[in-house]
Structures are given as structure tokens and as C-alpha cells.
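Visitor: I am new to this structure and would like to understand the words that are used for it. Could you take me through them slowly?

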Amino acid sequence: MTTVDDVARSSLLRRGFALEYTTLAWNVVGIAVLAVAAVDARSVALAGFGLDSLIEIGASTVVIWELSGTGEARQRRALKLIGAAFALLAGYLLVQSTWVLAAGHHPRHSPLGIVWTAVTAAVMFALAAGKARTGAALDNAVLSAEGRVTLVDGMLAAAVLLGLVLNAAFGFWWADPAAGYVLVHYAVREVRESFSAATVPAGSAAPGAPTPPAPRA
């Protein structure tokens with residue numbers, strides 16, 4: 001049974017690494033694509049989404065580091081770093097959304113931005129679902145937490161996409177920053193949950209965490 005469990009765990013770990021490396025590669029390419037689209041359209045939203053890709057790269061790097069080792073202290077440090085990534089994301093969304101609304105910034109239309117954010121939203125939602133399943137199977141709070149970072153990234157891509165489409169179709173330039181405020185609330189909640197999970201005493205379960213299995217006889 002131990003051999004079967006070890007094989008299954010190794011397979012799940014490989015899947016976790018594959019999900020994180022895919023996220024990492026996608027966001028590295030995304031930074032370049034978004035930089036071109038943002039400059040062409042003079043879009044603050046696209047430029048900000050590029051910064052969000054940097055946050056996601058950092059979060060993926062943290063998970064790859066955590067999956068490469070073991071130990072409760074290592075996992076707690078990783079959870080705190082994930083929480084810090086969410087805090088950066090919330091701060092970026094709050095500042096960007098407020099600035100765009102206050103300045104009344106009207107970006108140009110961006111076909112490249114629309115295509116990229118549409119594809120990115122689909123990819124991020126798929127990756128987030130894979131991380132949630134794999135993290136639950138491994139009982140790994142860090143991978144599960146980073147999966148929520150990826151989910152927020154997908155939601156943000158969808159919000160930026162909606163803003164770009166509404167701006168192109170109807171001139172609703174304010175749609176994207178308005179959606180950003182909704183995501184601020186979600187990101188702040190995840191900051192609290194990540195730091196709460198990182199400070200749970202040894203042997204205790206974090207709120208909402210699965211109950212550990214009983215030891216085998």
C-alpha cells in the first residue's frame with residue numbers, strides 16, 4: 001500500500017510542477033504581449049494586468065520552491081509569501097482602479113488585448129481548477145492557495161476583457177476599473193485566509209481544511 005501511495009503522490013507532485021511551470025511560462029510570454037498591447041492602446045488596464053502577471057510569476061515560483069522540499073516551517077513561509085502576493089494584487093487593483101476612474105482615462109481600442117485577455121482567462125481558469133484538485137489530493141495548502149491566485153488572475157483577465165470589449169463597442173471606459181473593486185474584496189479575503197493558515201499551531205487544522213487521516217495500524 002505504501003508503494004502505491006508513494007507512486008500516486010509522485011504522480012500528483014509531477015502534475016503540480018507541470019501546472020506551475022505552465023503558469024510561469026504563460027505569464028512570462030504574457031508580460032511581453034501585454035507590454036506591446038498596452039503601449040499601442042495607451043491602456044492603463046493592460047499595463048496593470050502585465051504587473052499582475054509579475055505577481056503570478058512570483059507566486060508560482062514560491063509553490064515550485066515549496067513542492068521541492070518538505071517541512072511545516074517551509075510550508076508556513078510559503079503560505080505567508082502567497083498571502084503577500086495577494087496583498088500586492090489587492091493594492092495594485094485598488095490603486096489602478098481608483099486612478100483610472102479619477103483621471104477619466106480613455107484608452108484606445110486594442111484587438112490584441114482583447115484576444116490575449118480572452119485566451120488568458122480560459123487558460124487561468126483551467127489551471128486554477130487543476131491546482132485546486134491537485135492541491136486537495138496532495139493535502140497541500142500552498143498549492144491550493146496559489147490556485148486561488150491563479151483564479152483571481154483569470155477573473156482579472158475576464159474583467160479587463162469586459163472593459164476592453166465595452167470600451168470598443170460602447171465607449172464604456174469605466175467598466176474595467178469598476179470590476180477591479182470587486183476583485184479587491186476577493187484578494188483581501190485570501191490575504192487573511194493565507195496568513196491564518198500559516199499561523200495555525202502544529203497539529204491543528206486550518207479553518208476549512210480537511211481532517212488529516214488517522215494513522216495506519
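**Charged pairs and rings**

Guide: Let us begin with Lys131, which forms a salt bridge with Glu20, the closest N and O atoms being 3.6 Å apart. Please keep in mind that this is a predicted model.

Visitor: Why is the pair of Lys131 and Glu20 called a salt bridge?

Guide: A salt bridge needs a side-chain nitrogen of Lys or Arg within 4 Å of a carboxyl oxygen of Asp or Glu. The closest N and O atoms of Lys131 and Glu20 are 3.6 Å apart, so the pair falls within that cut-off of 4 Å. As background, side chains of opposite charge can pair when their charged atoms come close.

Visitor: What makes this a link between parts that are apart in sequence?

Guide: Lys131 belongs to helix α4 and Glu20 to helix α1, so their pair ties together parts that are 111 residues apart in sequence.

Visitor: How do you know whether Lys131 is buried or exposed?

Guide: Buried means under 20% relative accessible area. Lys131 has a relative accessible area of 0%, and therefore counts as buried; Glu20, at 0% relative accessibility, is buried as well.

Visitor: Which other salt bridge does Glu56 bring in?

Guide: Glu56 forms a salt bridge with Lys131, with the closest N and O atoms 3.7 Å apart. Because Glu56 lies in helix α2 (residues 44–67) and Lys131 in helix α4, this pair ties together parts that are 75 residues apart in sequence. Both Glu56 and Lys131 are buried.

Visitor: What makes Lys131 and Glu146 a salt bridge?

Guide: Their side chains meet at 2.7 Å, N to O, which is within the 4 Å that the term requires. This pair links distant parts of the chain, with Lys131 in helix α4 and Glu146 in helix α5 (residues 141–170), 15 residues apart. At 0% relative accessibility, Glu146 counts as buried. Salt bridges that share partners join Glu20, Glu56, Lys131 and Glu146 into one network, and the count of salt bridges comes to three.

Visitor: Let us turn to the rings. How many aromatic pairs are there?

Guide: The count comes to four aromatic pairs. One of them is formed by Phe17 and Tyr21, with 6.4 Å centre to centre and 25° between the planes. Phe17 and Tyr21 both lie in helix α1 (residues 2–41), four residues apart, about one turn of the helix.

Visitor: Why is the pair of Trp26 and Trp116 called stacked?

Guide: The rings of Trp26 and Trp116 are 4.9 Å apart, centre to centre, with 15° between their planes. Trp26 lies in helix α1 and Trp116 in helix α4, so the pair ties together parts that are 90 residues apart in sequence.

Visitor: Why is Trp26 called partly exposed, while Trp116 is called buried?

Guide: Buried means under 20% relative accessible area, exposed over 50%, and partly exposed in between. Trp26 has 21% relative accessibility and so counts as partly exposed, whereas Trp116, with a relative accessible area of 14%, is buried.

Visitor: And how do you know that Arg133 is exposed?

Guide: Arg133, which lies in helix α4 (residues 111–138), has 56% relative accessibility and therefore counts as exposed, because the term asks for over 50%.

Methods: Residues numbered from 1 in each chain as written. Predicted model: local features only at pLDDT ≥ 70, side-chain atom pairs only at ≥ 80, totals over all residues. Heavy atoms only, no water. Helix = DSSP H or I, 4+ residues; strand = E, 2+ residues; numbered from the N terminus. Buried < 20%, exposed > 50% of the residue type's maximum accessible area, 1.4 Å probe, protein only. Phe/Tyr/Trp six-rings, centres within 6.5 Å; stacked < 30°, edge-to-face > 60°.
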